[in-house]
Amino acid sequence: LAHGELTPARYALERALTLFRPARVAARYGEIRRPDPRSATLILRDLAVRVRDLSGADREQALAILARPTEYDTDLDPDSYSTTEATPVCGTNVCVHYVTSTSDAVSSTDTTPANGVPDYVDQALDVFDAEVWGEEVTTLGYRPPKSDITSMNDGTSSADPTGAKFDVYLANLGDKGLYGYCTTDDPHLQGGYFFFDMSAYCVVDNNYTEPVFGAHSPLENLEVTAAHEFFHAIQFAYDAFEDQWLLEATATWMEDEVYTDVDDNLQYLVTGPLAKPSIPLDKGGQCCHVYGDWIFFRYLSEEFSTGLMRSIWHNADGSSDTDGAGPDGVGRDDYSIQAISRVLRSRGGFRARFAQFGWMNRIARVPGVYDEGPANHYPQSPLTASPMKLSKSKPSRSRSITLKHQTSAYYEFKRGSGVGRRAKLKVAFSLPSTSTGAAASALVFKKTGAVSAFTLGIPKSGDGTIKFGFGKTVSKIDIVLSNGSNRYKNCFAKTTPYACSGVSRDDHHTYELTGRIA
């Protein structure tokens, strides 16, 4: 791809094949990186948005991969059933499709209730129809997935004569290292449609018993996968073309909103901004950083409300149907950071909120900083440099760094010998203009264990000073520098892993600070 040997569309096709037939792709291109088990939806999304750029056999292959398991074309579609499905089981809003033979079959156990339907099918229907749809659509108020009745195969059956209900397919994904995925076979993908909303369907594992699924029970794996993947189907009803990081981060955030006790998303904290604050928040294209970004949305929903998240997606809406009542014009169609920034304008602004997020992450292990999950499961954002000990003989220390957009840096001043009981710490800043997103915060740690947080009033110029008590009751003072830039250039003209595929305007400014005993 980098050398022009593959077009982006052909690359997307080959990348999709790595989900199901990695050996075939490796035979053509050599060693390949296997996808993360949770990345199938976005890999297939990338293929879906490029179908119109393919032709001939490549286009036929792409459409087959995006087709439902019931298309029965195991040669072109490596995740299709190889046998006829049983009669689907439907609830109020969802139909579950399954087979009773081949490796995709569900267990035939039928005891609770003994109703002629395998227990796992009943369980999957309850999870998707009552619990996940009930929470995400009915309670939280998100737009339901877009109707798929225009698709060639819309799931029509005797249980759903109109094909209007949302379709979930059970298949053996564990042998491919996949949890589940939602994708689209919307005919609008092939061109002639000028909006970004698409219908969707989901495929999840037929038992969740393989070793790849880790420490959680089969039911817990089904639950959090359903909550995550179904929210992708909801996202597609707003904008299936949205920035990768927003799609994955908010879907991972949603897992905990539906199933608060499973805590599967805590595993991604070590890949996100808590543990890796030098990676921009909006950076996509990496295995797991985008999943770790869910903590930013946890911060926003705890600081304000869960309704804030729905407002973000309302701003990101690129559909032809803004109220669910039929075509009435396109939504605002903001890209990820743009949608978030618009919501935060009346809540202090993106710069201030990102700065608060930065200092909270330094004390994330303190009980009560984040409400979700045990505090000891949270990594603490690491120091950017070794602690600076100030003493009578070395009363001053300085640091300098170039911060990328939506990243933070952490510096620590500690008391050394000869520092009096009434000493002050004077910190001088030389930061970029606040218009670039520059901000600074401080955490004062007392020997009693108490921590006080301060958002520093940096002038527009970025230069300023502040004093803190640095006497014997203080154990250390941390200074947090944040680049909360939300400004981009060349949006949609470049191919970068950042928001709007653009380039940040504020990645090359220098941040300087000097701490001195006063």
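Good morning. I begin with Cys182, which counts as buried because its relative accessibility is 1%, below the 20% cut-off. The model under discussion is a predicted one, and every value I quote is computed from it.

Cys182 has a partner. A disulfide connects Cys182 to Cys202, with an S to S distance of 1.6 Å. The torsion about this S-S bond is 80°, and the link is right-handed. The pair ties together distant parts of the chain: Cys182 belongs to strand β4, residues 180-183, while Cys202 belongs to strand β5, residues 201-205, and the two cysteines are 20 residues apart. Cys202 is buried too, because its relative accessible area is 0%.

How many disulfides are there by the distance rule for sulfur atoms? The count comes to 3. For the record, a disulfide is a covalent bond between the sulfur atoms of two cysteines.

The next pair to consider is Cys90 with Cys95. Their sulfur atoms lie 2.0 Å apart and form a disulfide. Here the torsion about the S-S bond is about 105°, so this disulfide is right-handed. As for accessibility, Cys90 counts as partly exposed because its value is 22%, whereas Cys95, at 0%, is buried.

There is also the link between Cys491 and Cys500, where the S to S distance is 1.9 Å. Which hand does this link have? With -55° about the S-S bond, the link of Cys491 and Cys500 is left-handed. Cys491 has a relative accessibility of 26% and therefore counts as partly exposed. Cys500, by contrast, is at 0% and counts as buried.

I turn now to backbone geometry. Most residues other than glycine have a negative phi, and most peptide bonds are trans.

Where is the cis peptide bond I wish to show? The bond runs from Thr112 to Pro113, and its omega is near -5°. Pro113 sits in the loop between β2, residues 94-97, and α5, residues 119-139.

Tyr208 is not a glycine, and its phi is positive, near 55°. This tyrosine is placed in the loop that lies between β5 and α6, the latter covering residues 218-239. Is Tyr208 buried or exposed? Tyr208 is buried, because its relative accessible area is 2%.

Ser501 likewise has a positive phi, of about 55°, although Ser501 is not a glycine. The loop that holds Ser501 runs between β14, residues 488-489, and β15, residues 503-504. Ser501 counts as partly exposed because its relative accessibility is 25%.

Thr70 is found in the loop between α4, residues 56-66, and β1, residues 89-90. At 8% relative accessibility, this threonine counts as buried, because the value is under 20%. Which residues does Thr70 touch, leaving aside those up to four places away in sequence? The contacts of Thr70 are Tyr81, Glu85, Asn153 and Tyr169. With Asn153, Thr70 also makes a side-chain polar contact of 2.9 Å. Thr70 and Asn153 are 83 residues apart in sequence, yet the C-alpha to C-alpha distance is 8.4 Å.

The structure holds 1 cavity of 30 Å³ or more, and the largest cavity has a volume of about 60 Å³. What lines the largest cavity? Its lining is made of Pro273, Pro277, Ile279, Leu281, Phe354, Phe357, Gly358, Asn361, Gln406, Thr407, Ser408 and Tyr410. The elements giving two or more residues to this lining are α12, residues 350-362, and β8, residues 407-415. Of these, α12 supplies the largest share, with 4 residues.

To close, I return to two points. The link of Cys491 and Cys500 is left-handed, whereas that of Cys182 and Cys202 is right-handed. Thr70, for its part, is joined to Asn153 through a polar contact between their side chains. Thank you for your attention.

How values were computed
Residues are numbered from 1 along each chain as its sequence is written. This is a predicted model: local features need pLDDT of at least 70, side-chain atom pairs count only at pLDDT 80 or more; totals for chains, interfaces and linings use all residues. Side-chain values use heavy atoms; hydrogens and water are left out. Buried means under 20% relative accessible area, exposed over 50%, partly exposed in between (1.4 Å probe, protein chains only). Contact means heavy atoms within 4.5 Å. A polar contact is a pair of N or O atoms within 3.5 Å; within protein, one must be able to donate a hydrogen and the other to accept it, and residues adjacent in sequence count only if both atoms are side-chain atoms. A disulfide is a pair of cysteine sulfur atoms within 2.5 Å. On a 1 Å grid over the protein atoms alone, a cavity is a set of points where a 1.4 Å probe fits but cannot get out, and a pocket is an open set with protein on both sides within 12 Å along at least five of seven lines; lining residues have an atom within 4 Å of a point. Grid points are joined across faces, edges and corners, and a volume is the space filled by probe spheres set on the points.
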